[in-house]
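Me: I would like to learn how to read strands, helices and chain contacts in a model. Please take me through one.

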Amino acid sequence: MTGREPWRLLLTWDGEPGWNMGLDEALLASLDPRPTLRFYTWKPHALSLGYFQRFAELEPLARDCVLVRRFSGGGAIHHADELTLSIAAPAEHALFRGEVRRSYERIHGLLARTFADVGVRATLRGASAVRSDRAESGMCFHRSTPLDLVWDERKGVGSAQRRRAGRVLHHGSIKLAASALESGVSALRTHAPGLEPVALARALRATFERELELEFTREEPGPAEQELAARRAPFYRSEEFVRRR
Amino acid sequence: MRPNDRKYTKTHEWVKLVGEDVVVGITDFAVQELCSGNEGDLVYCDLPEPGRSIEAGETFGEIESVKAVADLNAPVAGTVSEINVNVEEHLEILSRDPWNQGWLVKLQPRSKALDGAELMDAAAYEAFITASKH
């Protein structure tokens with residue numbers, strides 16, 4: 001025993017978009033008592049709408065994209081050159097305890113300290129204005145809040161949470177390179193050329209272990225989680241759900 | 001001290017018997033967790049259609065703040081008789097008066113006895129949220 005808190009680490013590269021969302025739902029509903037950190041990428045690339053977002057707001061952009069809707073809120077995200085992460089844990093866990101704002105500060109602090117290791121000085125936006133905000137865009141990266149992580153005066157991480165039945169799932173989308181749908185946003189490769197999702201995930205894992213004094217066990221999703229993810233995947237990419245509003 | 005005329009859940013809803021109906025809302029603690037005192041941070045609330053039958057503990061709606069979507073859970077079983085459309089259109093009501101004007105749904109309850117094992121009185125709820133902060 002190391003005395004460190006046990007966490008699960010899931011690495012699911014090139015996940016099908018509906019399955020990616022289904023697995024996050026399964027992690028939110030998971031009966032595993034350990035917190036889970038999951039890193040993932042998307043194949044094919046996809047546009048995810050926020051839970052309450054109106055489809056009409058995105059229709060012009062959505063035409064040429066694979067579409068899903070997330071169960072977390074906020075604006076749409078183009079999941080292309082990025083590392084996506086999800087953190088699932090009970091709401092009373094030290095990472096999530098208290099106001100939602102506090103959990104963002106804790107998680108974004110961990111991300112910012114990792115980015116510093118690859119030469120990126122990211123800070124919470126606070127009261128500053130950022131150059132990536134676009135009033136008419138439905139994209140998450142074109143709308144910022146004081147809690148968002150910015151560098152080069154532009155938003156570079158999209159974040160959202162779902163809170164259900166005493167548990168929290170935190171979504172994070174970290175831009176490695178900007179996509180055509182998200183013009184003018186920050187990306188890590190501007191300062192860290194060639195940075196790949198696997199390397200960034202390794203660096204984030206090390207920060208989490210060091211700063212939260214935890215110990216990861218690298219695992220695959222459990223059988224019940226796999227079953228739920230597979231069953232729910234068609235729903236997340238269905239016309240019914242994607243166009244629910 | 002929070003109102004003692006109602007019961008509370010661990011997921012921060014309250015339920016109060018009013019005549020033949022029960023009224024359900026969310027607590028000041030839930031609102032504060034979601035929006036940290038910035039009433040403009042609450043952006044959307046989705047409430048059920050009247051007539052829908054809901055089990056105790058079932059999700060009956062959702063509320064979105066700028067940074068989180070949270071489920072709304074029914075403290076007791078019943079049939080939705082009315083929803084507060086004012087709240088859907090003016091979410092700031094939840095910050096200003098979660099106990100009265102900020103009610104969310106009225107249910108025709110399956111049982112009028114608010115004695116479910118999961119329901120707490122104001123003192124027990126106070127102790128629960130104090131414990132959850134540490």
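Me: How many bridges join β1 (residues 7-8) of chain B to β2 (residues 13-18) of chain B?

Reply: This is a predicted model, so some cut-offs come before the count: local features need pLDDT of at least 70, side-chain atom pairs count only at pLDDT 80 or more, and totals for chains, interfaces and linings use all residues. Residues are numbered from 1 along each chain as its sequence is written, while chains are lettered from A and ligands numbered from 1 in the order in which they are written. Helices (H or I, at least four residues) and strands (E, at least two) are DSSP runs, numbered from the N terminus. Two strands pair if DSSP finds at least two bridges between them. Here, two bridges join β1(B) to β2(B), and the strands run antiparallel. B:Tyr8 stands opposite B:Trp14.

Me: Which residue in the turn between β1(B) and β2(B) has a positive phi?

Reply: B:His12, with a phi of about 75°. The two strands form a hairpin with four residues between them. β2(B) then pairs with β3 (residues 21-26) of chain B, antiparallel over six bridges. B:Val18 faces B:Asp21 across that pairing. This hairpin has two residues between the strands, and B:Gly19 takes a positive phi near 65°.

Me: What pattern does chain B follow along the sequence?

Reply: Chain B reads β-β-β-α-β-β-β-β-β-α-α-β-α. That is four helices and nine strands. For overall size, the radius of gyration is taken over C-alpha atoms, and the globule rule is 2.2 Å times the number of residues to the power 0.38. A compact globule of 134 residues would have a radius near 14 Å; chain B has 14 Å, which agrees. Its C-alpha atoms fill a box of roughly 35 × 35 × 20 Å along the principal axes.

Me: How many residues does each chain give to the contact between A and B?

Reply: Two residues are in contact if their C-beta atoms, placed from the backbone, lie within 7 Å. Chain B gives 17 residues and chain A gives 20. In chain B, α1 (28-35), β6 (59-65) and β7 (68-73) each supply at least two. β7(B) gives the most, four residues. Sort residues by class: Ala, Val, Leu, Ile, Met, Phe, Trp, Tyr, Cys and Pro count as nonpolar, Asp, Glu, Lys and Arg as charged, and the others, Gly among them, as polar. The chain B side has six nonpolar, five polar and six charged residues.

Me: Which strand of chain A pairs with β7(B)?

Reply: β10 (residues 157-164) of chain A pairs with β7(B) in the parallel sense, over three bridges. A:Arg162 stands opposite B:Val69.

Me: What is the strand order in the open sheet of three strands in chain A?

Reply: The order is β7-β8-β9, with antiparallel pairing. β7 (123-124) and β9 (154-155) of chain A stand at the edges with a single partner strand each, so one side of each has no neighbour in the sheet. Two bridges join β8 (residues 149-151) of chain A to β9(A). A:Val150 lies opposite A:Lys155.

Me: At what angle do α1 (residues 17-28) and α5 (residues 223-236) of chain A pack?

Reply: Axes are lines fitted to C-alpha atoms, for helices over the stretch in contact, and angles run from 0 to 180 degrees between N-to-C directions. α1(A) and α5(A) pack at about 130°, with their axes 7 Å apart. Angles under 35 degrees count as roughly parallel, over 145 as roughly antiparallel, 65 to 115 as roughly perpendicular and the rest as oblique. The two helices are therefore oblique to each other. Their contact has 11 nonpolar, two polar and three charged residues.
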